Structure formats: structure tokens, C-alpha cells
Amino acid sequence: MAGRHGYSETGLENRRREWARRHPRRALLKAVVTLVVVFVPLLAVPAFLFGLPAYDQAHPRTLDCRVDGVAVGITSGRYSHSPYVRFSSPDCGVLLLFHGVTRDNQDDIAAEVEQSDHYRITVGAGTYAMRSVLRVLKLRPEIQHYERIS
């Protein structure tokens, strides 16, 4: 049966093979570009998502932030729901505290943080550096440690 332009499927395939035989460098370049465009992102995304927490543990970054707002919440996942305390800062952006937060103590932790005060906050350097990209995935830098600066 004829294809869209009057060529059979076998005829189109034969023309592609003939073109590849006549232009081997172009065919190789086309194959390499296709592999790079398709497979590199497929490999990079899992490496990025699984490697970033390990990088953050090895590379902490300390920030001095003025905290303007504090809120509590619970993540909405299919199988798990984790309580958190959200720190909002004009200097550092939105940061989340998960470590040591339970449903019973999250209100106490939020009440303990005084708004408009300065805090020294430790986060992962990788997550903090990529916070604008991660915001699209609804991920925020996670607070490892915080303390009030007198």
C-alpha cells in the first residue's frame, strides 16, 4: 500500500538506508544527537534526584536569615504524610524543617520561632543553589539545623 506521498513503507525505509549509506558522517551525527537529546536527560534526572540528598549531607551551607513568617503543614503524599514547619524569609526564601517535627510538636516549634528575628540556618548547599529549579517540582530546601542569632 502506498504511503502518504506515494511511497511504500519499504520504499521509504530503502531511501533512508540509501541516504545513510551515502552520508555516513551525517547519519552517525544524527544518531549521536538523538542519543544525547533522549537518553542524557533520562539518566540525569534520577542521578540528580537521588544524588542531591547525598550531596547536601556532605556539603552543608550556613545562612543568616531574617524570618518573616512561620507556618505548619503536612506533606500530601500517596502513602505518607510528613509534618513540617515552613520558614519564610526575604533573604533566604522558603525553607522547610522536617527533622524532629511531629504532629504533636510542630505547633510548639512554630511558636518558638520569633518572627522578624535573625536566625542562623543550615541547609544543603546543592538544594539551596538549585532552589529556583526545584520550586517547579514543589521541592524546597530542607533545614538541617537552626538557631536564633542574638
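These notebook entries record what I looked up in a predicted model of one protein chain.

**Conventions.** I number residues from 1 along each chain as its sequence is written, and I use heavy atoms for side-chain values, leaving out hydrogens and water. Since the model is predicted, I require pLDDT of at least 70 for local features and 80 or more for side-chain atom pairs, while totals for chains, interfaces and linings use all residues.

**Overall layout.** I counted five helices and six strands in the chain, taking both as DSSP runs numbered from the N terminus (helices H or I, at least four residues; strands E, at least two). From the N terminus on, I read the order of elements as α-α-β-β-β-β-α-β-α-α-β. The radius of gyration, taken over C-alpha atoms, is 26 Å, well over the 15 Å that the globule rule gives for 150 residues, so the chain is more spread out than a compact globule. That rule is 2.2 Å times the number of residues to the power 0.38. Along the principal axes, I find that the C-alpha atoms fill a box of roughly 75 × 30 × 25 Å. I also noted that 25% of the 150 residues count as buried; the term means under 20% relative accessible area, with exposed over 50% and partly exposed in between (1.4 Å probe, protein chains only).

**Strand E3 and its partners.** I looked next at E3 (83–89), where five of the seven residues are buried. I treat two strands as paired if DSSP finds at least two bridges between them. E2 (residues 69–74) runs antiparallel to E3 and is joined to it by six bridges; Gly 69 stands opposite Ser 88 in E3. On E4, I find five bridges to E3, again antiparallel, with Val 85 opposite Leu 97 in E4. E3 and E4 form a hairpin with three residues between them.

**Disulfide.** Cys 65 and Cys 92 form it, with their sulfur atoms 1.8 Å apart. The pair links distant parts of the chain, 27 residues apart: Cys 65 lies in strand E1 (residues 60–67), and Cys 92 in the loop between E3 and strand E4 (93–97). The torsion about the S-S bond is about -95°, so I record the disulfide as left-handed. Cys 65 is buried at 0% relative accessibility, and Cys 92 is buried with a relative accessible area of 4%.

**Largest pocket.** I define a pocket on a 1 Å grid over the protein atoms alone, as an open set of points where a 1.4 Å probe fits, with protein on both sides within 12 Å along at least five of seven lines; lining residues have an atom within 4 Å of a point. Grid points are joined across faces, edges and corners, and the volume is the space filled by probe spheres set on the points. The largest pocket has a volume of about 670 Å³. Of its 22 lining residues, the closest to the centre are Phe 98, Thr 127, Leu 139, Arg 140 and Glu 142. H2 (24–58), E3 and E6 (142–148) each supply at least two lining residues, and H2 gives the most, with six. I sorted the lining into 10 nonpolar, seven polar and five charged residues, counting Ala, Val, Leu, Ile, Met, Phe, Trp, Tyr, Cys and Pro as nonpolar, Asp, Glu, Lys and Arg as charged, and the others, Gly among them, as polar.

**Glu 142.** I followed up Glu 142, which is in strand E6. Glu 142 is partly exposed, with a relative accessible area of 40%. I find its C-alpha atom separated by 16 Å from that of His 81, 61 residues apart along the chain.

Technical notes. A disulfide is a pair of cysteine sulfur atoms within 2.5 Å.
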